[in-house]
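Hi,

Here is the structure I promised to pass on. Have a look first, and then read my notes below.

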Amino acid sequence: MTRPHTGPSPEEIKEKQALEDALEEGLEETFPGSDPVNVTQPPPSRDDGHVKRSK
């Protein structure tokens, strides 16, 4: 059985809005610029083993 789609939860809406706000702020802070803004931090690569990252 499948459940009917109920839409996003309030927490999902809040998280999406926070990401949208962060992206918008990044765009405003870097405009005009040639590189797109990345809100998320990519996972460390094998060569990043010596780099300490805060969480």
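Let me start with a question: does leucine 23 count as buried, partly exposed or exposed? Leucine 23 counts as partly exposed, because its relative accessibility is 28% (buried means under 20% relative accessible area, exposed over 50%, partly exposed in between, with a 1.4 Å probe and protein chains only).

Before the rest, two notes on the source. This is a predicted model, where local features need pLDDT of at least 70 and side-chain atom pairs count only at pLDDT 80 or more, while totals for chains, interfaces and linings use all residues. Residues are numbered from 1 along each chain as its sequence is written, and side-chain values use heavy atoms, with hydrogens and water left out.

Now the overall picture. The protein chain has 1 helix and 0 strands (these are DSSP runs, H or I of at least four residues for helices and E of at least two for strands, numbered from the N terminus). Of its 55 residues, 2% are buried.

Helix 1 covers residues 10-30, and glutamate 29 is found there. With 63% relative accessibility, glutamate 29 counts as exposed.

Leucine 23 also has its place in helix 1. What lies 6.0 Å from leucine 23 in space, C-alpha to C-alpha, though 16 residues apart in sequence? That is valine 39. Threonine 40 is 17 residues from leucine 23 in sequence, and their C-alpha atoms are 9.5 Å apart in space.

Threonine 40 itself sits in the segment after helix 1. Is threonine 40 buried or exposed? Its relative accessible area is 52%, so threonine 40 is exposed.

Cheers
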